[in-house]
Amino acid sequence: MSDDALNVQIRKCLKQFGVTSQQEIERALEHALESGSLSGDENLGIRMTLEVDGLALKHTVSGQLQLGEDS
């Protein structure tokens, strides 16, 4: 596979992961806000781990999801 084709395949996967992850986070936040388990001004730790079958790869990225208006 050429470098360009590989780049396209990786970007397609990452785009799918990004879109579906955002949708899942939004659904979970909506549920948590509706149920009262979150008030909407929290700062939540967020972490995503990428693993690729067949490769010795486990990459974790961490950050903060700031829900308040001052974010």
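**Salt bridge**

I worked on a predicted model, where local features need pLDDT of at least 70, side-chain atom pairs count only at pLDDT 80 or more, and totals for chains, interfaces and linings use all residues. I number residues from 1 along each chain as its sequence is written, and my side-chain values use heavy atoms, with hydrogens and water left out.

Which side chains meet in the salt bridge? I find Arg27 and Glu24, at 2.4 Å from N to O. They are separated by about one helical turn, because they stand three residues apart in helix α1. An α-helix has 3.6 residues a turn, so residues three or four places apart point the same way. I checked exposure as well, taking buried as under 20% relative accessible area, exposed as over 50% and partly exposed as in between (1.4 Å probe, protein chains only). Arg27 is partly exposed because its relative accessibility is 49%; Glu24, at 48%, is also partly exposed.

**Helix α1**

I took helices (H or I, at least four residues) and strands (E, at least two) as DSSP runs, numbered from the N terminus. Helix α1 runs over residues 3–35 and has 33 residues. I get 48 Å from its first C-alpha to its last, close to the 48 Å expected at 1.5 Å a residue; the expected span is 1.5 Å times one less than the number of residues.

Which residues of α1 are buried? I list Ser21, Leu29 and Ala32. The buried residues of α1 pack against β1 (43–51) and β2 (58–66), with contact taken as heavy atoms within 4.5 Å.

At the end of the helix I looked at Ser35, which lies in α1. I count Ser35 as partly exposed because its relative accessibility is 47%. A polar atom of the Ser35 side chain lies 3.2 Å from the backbone oxygen of Ala32. Just after α1, Gly36 takes a positive phi of about 85 degrees.

**Nonpolar patch**

I found a nonpolar surface patch of about 520 Å², made by Met1, Leu6, Ile10, Leu14 and Phe17. Patches are made of residues with over 30% relative accessible area and no salt bridge: like charges are joined within 9 Å, nonpolar side chains (Val, Leu, Ile, Met, Phe, Trp, Tyr) within 5 Å. Accessible areas come from the Shrake-Rupley method with a 1.4 Å probe, and for residues only the protein chains shown count as cover.

**Strands**

I placed Ile46 in strand β1; this residue is partly exposed at 31%. Leaving out residues up to four places away in sequence, I see Ile46 touch Ile25, Val61, Ser62, Gly63, Gln64 and Leu65. Its C-alpha is 20 Å from that of Glu34, twelve residues apart along the chain.

His59 is partly exposed, with a relative accessible area of 43%. The C-alpha atoms of His59 and Thr20 are separated by 19 Å, the two residues being 39 apart along the chain.

Methods:
A polar contact is a pair of N or O atoms within 3.5 Å; within protein, one must be able to donate a hydrogen and the other to accept it, and residues adjacent in sequence count only if both atoms are side-chain atoms. A salt bridge is a side-chain nitrogen of Lys or Arg within 4 Å of a carboxyl oxygen of Asp or Glu.
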